[in-house]
Amino acid sequence: MKPFQNAQVIANAAIEKKAHEIVIMDMQELTPIVDFHIICDASNKKQVQAIADNISDKMNETGYAPLRTEGYREGRWILLDFGACVAHVFHSEDRKFYDIEGLWNDAKFERVAE
């Protein structure tokens with residue numbers, strides 16, 4: 001699959017677990033490290049973990065396992081690295097604090113309907 005298709009799989013997996021404010025950020029013109037960041041949030045640790053689990057499961061079904069996962073135990077900011085796509089599942093408070101969208105405001109944003 002192409003990176004944007006993977007980004008859509010990630011976004012849809014987040015939707016299935018009721019994630020909030022899902023955004024796909026196109027990074028292709030800004031950095032050679034990643035093509036897309038997919039960002040979403042939830043209001044509690046269990047939901048953050050459930051969203052991350054579903055993303056991992058759905059990507060595994062397409063043949064992509066995360067290269068690395070960070071922050072799962074804490075459940076505040078879970079990063080799932082799939083190479084060309086990186087999913088960020090935040091606790092709502094932490095998303096506001098770290099403001100990744102603000103750091104990369106030159107990126108093209110696609111807001112995904114929940």
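**Sheet, helices and aromatic pairs in a predicted model**

Histidine 20 stands opposite aspartate 41 of strand E2. The structure is a predicted model, in which local features need pLDDT of at least 70 and side-chain atom pairs count only at pLDDT 80 or more, while totals for chains, interfaces and linings use all residues. Residues are numbered from 1 along each chain as its sequence is written, and side-chain values use heavy atoms, with hydrogens and water left out. Helices (H or I, at least four residues) and strands (E, at least two) are DSSP runs, numbered from the N terminus.

Strand E1 (residues 20–26) is joined to E2 by five bridges, and the two run antiparallel. Five bridges also join E1 to E6, again in antiparallel fashion; here aspartate 26 has lysine 108 of E6 as its bridge partner. Two strands are taken to pair if DSSP finds at least two bridges between them. Strand E2 (residues 36–42) runs parallel to strand E5 (residues 85–91), with seven bridges between them. Strands of a sheet pair through backbone hydrogen bonds, either parallel or antiparallel.

Six strands make up an open sheet with mixed pairing, in the order E3-E4-E5-E2-E1-E6. The edges are formed by E3 (68–70) and E6 (108–112); each has a single partner strand, so one side of each lacks a neighbour in the sheet. Neighbouring strands are turned against each other by 15 degrees on average, direction ignored. Axes are lines fitted to C-alpha atoms, for helices over the stretch in contact, and angles run from 0 to 180 degrees between N-to-C directions.

Helix H2 (residues 45–61) lies across E2, strand E4 (77–81) and E5, and runs at about 165 degrees to E5. The expected span of a helix is 1.5 Å times one less than its number of residues. For the 17 residues of H2 this gives 24 Å, which agrees with the 24 Å between its end C-alpha atoms. At the start of H2, a side-chain oxygen of asparagine 44 comes to within 3.2 Å of the backbone nitrogen of lysine 46. Glycine 63, which follows H2, has a positive phi near 95 degrees.

Residues are called buried under 20% relative accessible area, exposed over 50% and partly exposed in between (1.4 Å probe, protein chains only). The buried residues of H2 include Val48, Ile51, Ala52, Ile55 and Met59. Its buried residues pack against H1, E2, E4 and E5, where contact means heavy atoms within 4.5 Å. Glutamate 101, in helix H4 (residues 100–103), is also buried, at 14% relative accessibility. Leaving aside residues up to four places away in sequence, glutamate 101 touches Val23, Met25, Ile39, Arg95 and Phe109.

Rings of Phe, Tyr and Trp (its six-membered ring) pair if their centres lie within 6.5 Å; planes under 30 degrees apart count as stacked, over 60 as edge-to-face and the rest as tilted. Five aromatic pairs are found by this rule. One of them, between phenylalanine 4 and phenylalanine 36, is tilted, at 5.5 Å centre to centre and 55 degrees between the planes. Phenylalanine 4 belongs to helix H1 (residues 3–16) and phenylalanine 36 to E2, so this pair ties together parts 32 residues apart in sequence. Phenylalanine 4 is partly exposed, at 30% relative accessibility, whereas phenylalanine 36 is buried, at 5%. Trp77, Phe90, Phe97 and Tyr98 form one aromatic cluster.

Conventions:
A polar contact is a pair of N or O atoms within 3.5 Å; within protein, one must be able to donate a hydrogen and the other to accept it, and residues adjacent in sequence count only if both atoms are side-chain atoms.
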